[in-house]
Amino acid sequence: MPFAVIQLNFDPYLRIGGQGVRWETLALAAVILLALLVTAVAAGREPTPSADGRYLRRDDLLFIALGIVPGAVLGGRLTYVLFHLDYYLANPALIADPSSGGLALTGAVVLGTLTGMYVARLLEAPIGRWLDFAAAALLIGLGLGKLAEALGGSGQGVVASVSWATAYMGPGPWGVLGPELPAHPAQVYEALGDALVLANLLVLGRFGPFLIGDGRRFVAALGGWAIVRFVVAFFWRDAPVAGPLRAEQLLDLGLFLIGAILLVVLARRPATIAETTLSSSSSAVASGTTGSPGPREDGP
């Protein structure tokens with residue numbers, strides 16, 4: 001049997017007195033907070049109003065974030081049930097049981113985005129610009145969230161004999177079956193892939209088409225993330241459902257294609273005067289050739 005070069009031997013719980021909480025849970029909470037802070041800081045630096053004269057408001061962000069939660073939970077659960085449909089058809093009472101199974105990340109991201117957009121629409125907030133400012137935060141949250149999984153053993157890939165394989169030798173319980181078996185650290189692979197997508201997004205974000213504020217950056221981030229998931233899923237323990245492809249990979253392909261279509265549609269859509277002004281102003285701010293904006297009548 002191959003032995004992992006990287007053997008992790010620690011208690012996955014922070015224990016205080018007779019109580020304990022998983023390090024993975026604490027790390028995920030910190031990641032969510034960081035993603036919200038990144039979006040809030042970016043929105044606060046936005047120098048120009050939207051087409052209707054409104055600035056990005058941080059209090060809008062709070063309501064949008066709250067609107068994301070039910071969509072993320074519902075989307076994640078429904079997608080997980082679809083991935084394991086045979087089991088839940090045989091046990092329909094367990095579909096709504098949170099102790100049975102879990103949430104699928106892709107479904108959570110997609111439906112959470114849609115419910116967040118719905119709340120933004122109710123608030124009459126500039127949806128496209130909110131999405132663009134959330135793009136970097138999305139990738140940061142998803143990437144660091146995957147690293148957080150490594151603190152609990154979740155997301156381990158297939159058994160492997162590579163020199164960087166990881167195994168969990170501590171007392172546990174761990175979030176994977178056979179934690180002591182050397183395996184591909186698939187959660188780390190995905191985090192590295194998300195970091196690469198983020199780096200490319202930061203470069204693209206300095207070019208005109210991605211400065212308009214119509215959601216193009218967010219769509220590009222989502223498509224890049226789908227590609228990363230598609231590649232990394234080859235190292236997952238899930239069984240293939242269509243040739244060599246897992247169910248997650250079929251979903252990722254669909255998400256990527258939808259993103260590509262949206263980018264084409266947005267590229268062909270005539271830019272409004274307000275969008276052209278926003279693009280020019282953002283370019284000037286990025287190059288440092290403009291001064292501070294005037295007073296905000298509708299600031300955060």
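Val 21 is found in strand β3, residues 19–22; strands here are DSSP runs of E, at least two residues, and helices are runs of H or I, at least four, numbered from the N terminus. This is a predicted model, where local features need pLDDT of at least 70 and side-chain atom pairs count only at pLDDT 80 or more, while totals for chains, interfaces and linings use all residues. Residues are numbered from 1 along each chain as its sequence is written, and side-chain values use heavy atoms, with hydrogens and water left out.

Val 21 is partly exposed, at 31% relative accessible area. Buried means under 20%, exposed over 50%, and partly exposed in between, with a 1.4 Å probe and protein chains only.

Next, Arg 216. It is in helix α7, residues 216–232, and is buried, because its relative accessible area is 8%. Its side chain makes a polar contact with that of Asp 214, at 2.8 Å. A polar contact is a pair of N or O atoms within 3.5 Å; within protein, one must be able to donate a hydrogen and the other to accept it, and residues adjacent in sequence count only if both atoms are side-chain atoms.

Now the cores. A nonpolar core is a set of buried Ala, Val, Leu, Ile, Met, Phe, Trp, Tyr and Cys residues joined through side-chain atoms within 4.5 Å. In the largest, with 24 residues, Leu 139, Leu 222 and Trp 225 touch the most other members. Helix α7 gives this core its largest share, eight residues. A second, separate core has ten residues, including Ala 40 and Trp 130.
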